[in-house]
Protein chains: 2
Amino acid sequence: MAKNAIIGQSGGPTSVINSSLAGVFQACENRGADNIYGMCNGLHGLLDKNIVDLKRTLLSSLEIELLKRTPSAYLGSCRYKLPHYEKDTYIYDKIFQILNELEIEWFFYIGGNDSMDTICKLSDYAKENNSSIKFMGVPKTIDNDLMITDHTPGYGSAAKYIGVVMKEIVRDATVYDTPYVTVVEIMGRNAGWLTAAATLSKSDDCEGVDMLCLPEVPFDTDKFLTKTEALLNNQKSIVIAVSEGVKLTDGRYVCELSDDTRFTDAFGHKNLTGTARYLSNQIMKKLGTKARSVELSTLQRCAGHVTSRTDITEAYQVGGAAAKAAFEGHTGEMIALKRISNDPYQCTTQPHDIHKVANFEKKIPLEWINETYTDMLPVFHQYARPLIQAELTPIYINGLPRHIYLKEL
Amino acid sequence: MAKNAIIGQSGGPTSVINSSLAGVFQACENRGADNIYGMCNGLHGLLDKNIVDLKRTLLSSLEIELLKRTPSAYLGSCRYKLPHYEKDTYIYDKIFQILNELEIEWFFYIGGNDSMDTICKLSDYAKENNSSIKFMGVPKTIDNDLMITDHTPGYGSAAKYIGVVMKEIVRDATVYDTPYVTVVEIMGRNAGWLTAAATLSKSDDCEGVDMLCLPEVPFDTDKFLTKTEALLNNQKSIVIAVSEGVKLTDGRYVCELSDDTRFTDAFGHKNLTGTARYLSNQIMKKLGTKARSVELSTLQRCAGHVTSRTDITEAYQVGGAAAKAAFEGHTGEMIALKRISNDPYQCTTQPHDIHKVANFEKKIPLEWINETYTDMLPVFHQYARPLIQAELTPIYINGLPRHIYLKEL
């Protein structure tokens, strides 16, 4: 009987989730997995038996290098919420039937909070039903909101991208000699890690951002306008970084004050956009100052052309560590990053019980934010700066970065 | 009496306008200008005598390298429309009085259509009033809409940026296995050069974009929805690139159909945003398909972290050629780029009478667009592909690209 591995990717795309796929794949290959399968579109593809043989699609070490440099999810993704198995065993029976048919011994799921919930449930079900399949979670999310791990693969590259473009937006915003407010909307539903990364732009060659609005702090439109007006008394160009997830004290998202159609995904998450547009319109109406909004939108999660080499390397490492742990018999765990030292920056991997990760959210500690909730304190920069160090240069062909993609998807 | 040069930057920022500044500055220095001044915020700064001595602010060859890699306008910019001098000589008298006080012999203005209008009027006035000051225009605009020149410095880098991020957006958009339309809004008020650059993303590692909406072609919302629906019959993920400037047959901009506050600048240009948002909302409402909008917004003009080396080099060259021409006695001219050959790509500079440039707009020839107006023909790719070749790597310090900026601004 063959001993096979299967890998899935789930949740929102990042610039480094494919580096984790490369890490799991190469470690499984080196440890002697007979076949290494990829689920197309995560559990959706598994349930449809939409499976690829990765040894046949990733043919060379050059292709592995391209995989590391290709953003989004090579295997496709899904947003699929497993029901609890006490409520619905049908879907579990089907999943395990397919895994047994495929002679799967090791199961890897690369993703964020929702994906860790999937690993948690599948490994619990396996233990209760005497299945020997090992289930390992590989963390990935630009949001950096997973518990236990020092940070999540994907955050460093998104933070670097945000730092890079905030510097460029600040330069762009200071070009005219008239009052001008730029409101930049950054991802992060409940945790402000990405918005906080906008403060990395401040240095002796850049004025940085003038105000943060973090989802950890209740938002008040009047106070926001007062603070903006005070800033405008001292300088012409104001750049403000707001999280898409800022909420009023009554719990409504600020973007719900605007008029756009909104949609809700399978996990009940609202589609949050329009916060910056609403606020820049308020500034124009109430303060009579020219204002614009910039949504970093999907570019902040898929900008493979500007990634942190530290992040890409760690994403690869957590993939390899997950394979190592699974081959050594671990199950129901996620590989966490553990910071050993800040100066020089050193980080190792450690497996952790998935029950302590799934369905919790890590927010920014309030003591890392300044008194007026408008800026980050140095402790944040000590934490985040090492994560954006160094670059992984794209391989440019004919003027554009080369990617790899799965035509079967 | 000293013989001095003065340089101004005007109009919207680009990634390469500072490379042209470097080109003018170094050529003036090499040709023996006594002083080289910069106007802060273009003509606004000149009128306020807000002037910097560039030999004192650009101190080393390293700083020149940083200048070439810093997006936006080092000297600041303005949007200032000179009245015709037959209507208002006051402002002309004031400008020439200041230029004479500063002992200016050579005047350079780096910008787009409106800036060439400024050079045109100032040089005409100088000739009629026996002033010996030489006025030269240095072309710059991401929009590529200037006449005479084969292309404009700034276009190549913006086109490269658009090609890069469209590849990434296409990867991001194909990640789920459900129908999904992404509408990407790209700059270009009346000319579709930038939107057309989205088609550069198509290659054997990328599906490319599925539809273009260019401002050269009247827009019909119903036909747009019919085409989108037809595309959705064949594939799950659709990526559409629309120009911010697409107009209905009655002349209204599509974005005027949405509900946002709009403003008008000093040249009477409307602030165009919301086209993609309006269209993605229409797709959701009328076709019942999930859709999102992405505005490339200001990032497409200020992404100094991904520039075309071809473009940066040419921007530097037109700056140097402008100085050469002015020192040789030319005035009332713009330096144009003249393509000598496509394979291998070769381009030279040529001075041209500014009257043939100012206030004209170069649009995409309709014969470069396919029959259904949804894609570009190979002739466009032969034209545009050479312009995005090669990269100018940022100098990364502590994880972010290093810039240079003028604290006096």
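Analyst: In chain A, 57% of the 409 residues count as buried. Buried means that 20 or more other C-beta atoms, placed from the backbone, lie within 10 Å of the residue's own; 12 or fewer means exposed, and anything in between is partly exposed. This is a predicted model: local features need pLDDT of at least 70, side-chain atom pairs count only at pLDDT 80 or more, and totals for chains, interfaces and linings use all residues. Residues are numbered from 1 along each chain as its sequence is written, while chains are lettered from A and ligands numbered from 1 in the order in which they are written.

User: Why is B:R69 called buried?

Analyst: B:R69 has 23 other C-beta atoms within 10 Å. The cut-off is 20 or more, so the label is buried. B:R69 lies in the loop between α4 (61-68) and α5 (90-101) of chain B.

User: What is B:R69 in contact with, leaving aside its neighbours within four places in sequence?

Analyst: Its partners are B:G304, B:L392, B:P394, B:I395 and B:P401. Contact means C-beta atoms, placed from the backbone, within 7 Å.

User: What makes the size of chain A agree with a compact globule?

Analyst: The rule is 2.2 Å times the number of residues to the power 0.38, and the radius of gyration is taken over C-alpha atoms. For 409 residues a compact globule would come near 22 Å; chain A has 22 Å, so the two agree. Along the principal axes, the C-alpha atoms of chain A fill a box of roughly 75 × 50 × 40 Å.

User: How many helices and strands does chain A have, and what counts as one?

Analyst: Chain A has 13 helices and 13 strands. Both are DSSP runs, numbered from the N terminus: helices are H or I with at least four residues, strands are E with at least two.

User: Why is the relation of chain A to chain B called a two-fold axis?

Analyst: A rotation of 180° with 0.0 Å of shift along its axis superposes chain A on chain B, with RMSD 0.0 Å. That is the relation of a two-fold axis. Of the residues of chain A, A:E295 comes closest to the rotation axis, at 3.6 Å (C-alpha).

User: How do you know that the copies meet through the same surface?

Analyst: 100% of the interface residues of chain A are also interface residues in chain B, so the surface is the same. In all, 56 residues of chain A contact 56 residues of chain B. α7(A) gives the most to that side of chain A, with 9 residues. The side divides into 25 nonpolar, 18 polar and 13 charged residues. Nonpolar means Ala, Val, Leu, Ile, Met, Phe, Trp, Tyr, Cys and Pro; charged means Asp, Glu, Lys and Arg; the others, Gly among them, are polar.

Methods
Contact = placed C-beta atoms within 7 Å. Least-squares fit on C-alpha atoms with pLDDT ≥ 70 in both.
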